[in-house]
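This briefing describes the fold of one protein chain and then turns to the surroundings of a single residue. Please consult the sequence and the structure shown below while reading.

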Amino acid sequence: MPTAFITGASSGIGRAFAGQLAAQGYDLTLVARTTASLDPTAAALRRSGRQVRVLAADLVTDTGINRVTAALESRTPDLLINSAGMGLGGAFPFTNAAAEEAQVRLNVVAVMRTTHAALPGMLRRNTGAVVNVTSVAACGPAWLASTYPASKSWVLSFTESIARSATVRRSGVHLMAVLPGYTRTAFHTRAGMGTDHLPAWMWLSADQVASDALRDLSQGRLVSIPSWRYKAAVWGMRHLPHRLTAALGWDFSTGRGAPAEPPGTRA
């Protein structure tokens, strides 16, 4: 059976990936901060006949990252999905500096470390895939006074850079970045971000993001952007003048939809 290793698997997009991969016949390793948060998902997937391992690890900490990378090095999966992430709802520089560092560790360092741990085994086998969940916000100044887009821009650039390298291209290994738009998960609530001002048409479901990503992965795409409306948004953010896209962005310094000192969130 093929195997998949998913971070941030207790909720949202990570959990949607887990359910869809189990339906495709994958055995799974699910990662989140606590076993308790993973147990309901794992139990449901085991009832479908899949083998499901649970790994509790806080990827903000060295201990958590080392636990996950050791697992990846000892048993390289066929598919690694980096879905764990966090955001902060306040305006820089008035956010908590420790929370800002935690965001960089989870959104950037953990993605680099897990990919670094999994790729050598995949390259030795000449098969495997890494999927890194980033964001439409990675493509331009969509969130002003927020460091979240910068962290996700790193993930996009990193994924494209490694995927295009000769070593990876000559192998059967594939890397892909997923750029969701606004998705109905607990992400914004946990980060303390009010979203009442966002129209209904902007929202995606976690299942749609995961299904579109897995379809694009099977087609060998480098970047997966769910829905045509976000494909159009990414085109605009990449090609229109930044002074125009910034004028349409969500400015956290205005206080609209965001508290001054949010708690942040991570999966």
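Across which strands does helix H8 (residues 206–218) lie? Helix H8 lies across E4, strand E5 (128–133), strand E7 (173–178) and E8, and runs at about 150° to E7. The model is a predicted one.

**Sheet**
- Seven strands form an open sheet in the order E3-E2-E1-E4-E5-E7-E8, and their pairing is parallel.
- At the edges are strand E3 (52–56) and strand E8 (223–224), each of which pairs on one side only.
- Strand E1 (residues 3–7) and strand E4 (residues 79–82) run parallel and are joined by four bridges.
- Thr-7 has Asn-82, in E4, as its bridge partner.

**Helix H2 on the sheet**
- Strand E2 (27–32) and E3 are the strands across which helix H2 (residues 35–46) lies.
- The angle at which H2 runs to E3 is about 175°.

- Ser-171 counts as buried because its relative accessibility is 14%, under the 20% cut-off.
- A polar atom of the Ser-171 side chain lies 2.7 Å from the backbone oxygen of Val-168.
- When neighbours within four places in sequence are left aside, Ser-171 is in contact with Leu-123 and Asn-126.

Terms used: Residues are numbered from 1 along each chain as its sequence is written. This is a predicted model: local features need pLDDT of at least 70, side-chain atom pairs count only at pLDDT 80 or more; totals for chains, interfaces and linings use all residues. Side-chain values use heavy atoms; hydrogens and water are left out. Two strands pair if DSSP finds at least two bridges between them. Helices (H or I, at least four residues) and strands (E, at least two) are DSSP runs, numbered from the N terminus. Contact means heavy atoms within 4.5 Å. Axes are lines fitted to C-alpha atoms, for helices over the stretch in contact, and angles run from 0 to 180 degrees between N-to-C directions. Buried means under 20% relative accessible area, exposed over 50%, partly exposed in between (1.4 Å probe, protein chains only). A polar contact is a pair of N or O atoms within 3.5 Å; within protein, one must be able to donate a hydrogen and the other to accept it, and residues adjacent in sequence count only if both atoms are side-chain atoms.
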